[in-house]
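Hi everyone, thanks for coming.

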Amino acid sequence: MKSDVIETINKKIDQLKRQIEEYNYQYYVLDDPTVPDAEYDRLMRELQAIEAEHPELVTADSPTQKVGGKSDSVFQPIEHLTPMLSLDNVFSEEEFAAFNQRLFNRLDDSTELEFTCEPKLDGLAISIVYRDGVLESAATRGDGKTGEDVTQNIRTIKSIPLRLRGDFPPLLDVRGEVFMPKSVFEEINRKALENDEKTFANPRNAAAGSLRQLDPAITAERELSVYFYSIGTLQESEPVEYHYDRLLQLRKWGLPVCPETEKVADSKGCLSYHEKILARRESLPYEIDGVVYKVNDIATQQQLGFVAKAPRWAIAHKFPAQEELTKLVAVDFQV
Ligand code: NAD
């Protein structure tokens, strides 16, 4: 390739990286995004597409290869026992079909796979370590390797048990999403408007801002909630074979799991789930921005493994952004 063409591509990559890093900083560190998620996703996809065409130009510091944003946190760092990754995402049935085909190719077998389907909760990821059944520490995702110690704040969330129930393991690092219910978000913003204070952009930023408070009493007032959706580290005597059963196990230990979670027999079941949850999106008491499909068989998950920042065995099927949805509806009306 001609050197001036390479230079143009490199310039474009550089420009996209800088813009995305800036948005990451506003979103992850300041909890104060300045652009809609759809615009952020558009830039990320543009960068991914250029990198896919020119893999030789992918660098380890590219935002496509990293989890989250830089941290200049006032909280103490906590190194995760196992990395906390992100999720790859698809935006259409065609992209999901391509994801499913990649699974078949990698497994060298085109037998349909069973999936666990879960809402993609729009909050922030948390890792909580229970040792001998007692809550020991809690950390945000951070850069995936090291998070922020928010143990004191997490302890104020009523639905998070300080002690596990039943036949719990000696060590458990459980992952979930802390979120702010829509009703709480609306009330907080209503009060902020009344007092001429700054409102939160959305429940996700409200949850992140409320959890990352220096005073746990403020976090306690914000009425955050949580659903757990996976395990990072576990010492157990009898391994559980399926992701869905793991979630049932978490519930038995007293950890809340989203009641909308379902097991489906194949990829068609995933799409029906997507349709069903999308239709109910407005009536759910918490904000979601899509659904997540996870290969149910844990041995198959292990066989599939991970890419730089996400598992190969899971995918987020995102909903159209609200502003895009409005546009779609408007177009429908004109026809
Ligand atoms: P992501 O939010 O697309 O997906 C990964 C996250 O999903 C996990 O870390 C977890 O917190 C969450 N999650 C929710 N439900 C889950 C479930 N059932 N199972 C597993 N995980 C679940 O990825 P990300 O890396 O956290 O953030 C990227 C996204 O954040 C972008 O696509 C964009 O929408 C948004 N963002 C926006 C801006 C902005 O400026 N507007 C900036 C940065 C990021």
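I'll go through the ligand site, then a pair of helices, then a sheet.

A word on the source: this is a predicted model, where local features need pLDDT of at least 70, side-chain atom pairs count only at pLDDT 80 or more, and totals for chains, interfaces and linings use all residues. Residues are numbered from 1 along each chain as its sequence is written.

Okay, the ligand. There are 21 residues around the ligand, and Tyr 27, Asp 37, Ser 86, Glu 118 and Ala 125 come nearest. "Around" here means that the C-beta atom, placed from the backbone, lies within 6 Å. Two or more residues each come from helix H1 (3-29), helix H2 (37-53) and strand E3 (115-121). Helices (H or I, at least four residues) and strands (E, at least two) are DSSP runs, numbered from the N terminus. H1 gives the largest share of the shell, 4 residues.

And where does the ligand lie? It lies between domain 1 (1-65) and domain 2 (70-334), because both give residues to its shell. Those domain bounds come from an automatic or database domain assignment.

Next, H1 and H2. They pack at an angle of about 145°, and their axes are 10 Å apart. Axes are lines fitted to C-alpha atoms, for helices over the stretch in contact, and angles run from 0 to 180 degrees between N-to-C directions. Who meets whom? On the H1 side we have, among others, Ile 9, Ile 13, Leu 16 and Tyr 23, and on the H2 side residues including Tyr 40, Leu 43, Leu 47 and Ile 50. Contact means C-beta atoms, placed from the backbone, within 7 Å.

Now the sheet. It's an open one of 4 strands, in the order E5-E4-E7-E8, with antiparallel pairing. Two strands pair if DSSP finds at least two bridges between them. At the edges sit strand E5 (134-140) and strand E8 (225-235), each pairing on one side only. Neighbouring strands are turned by 25° against each other on average, direction ignored.

Between strand E7 (residues 171-179) and E8 there are 9 antiparallel bridges, and Arg 175 stands opposite Ser 230 in E8. Helix H6 (residues 203-211) packs on this sheet, touching strand E4 (124-131) and E7, and its direction makes about 130° with that of E7.

Last stop: E4 and E5 run antiparallel, joined by 6 bridges. Val 129 has Ser 137 in E5 as its bridge partner. Their hairpin has 2 residues between the strands, and Asp 132 there takes a positive phi near 50°.

How values were computed:
Two residues are in contact if their C-beta atoms, placed from the backbone, lie within 7 Å.
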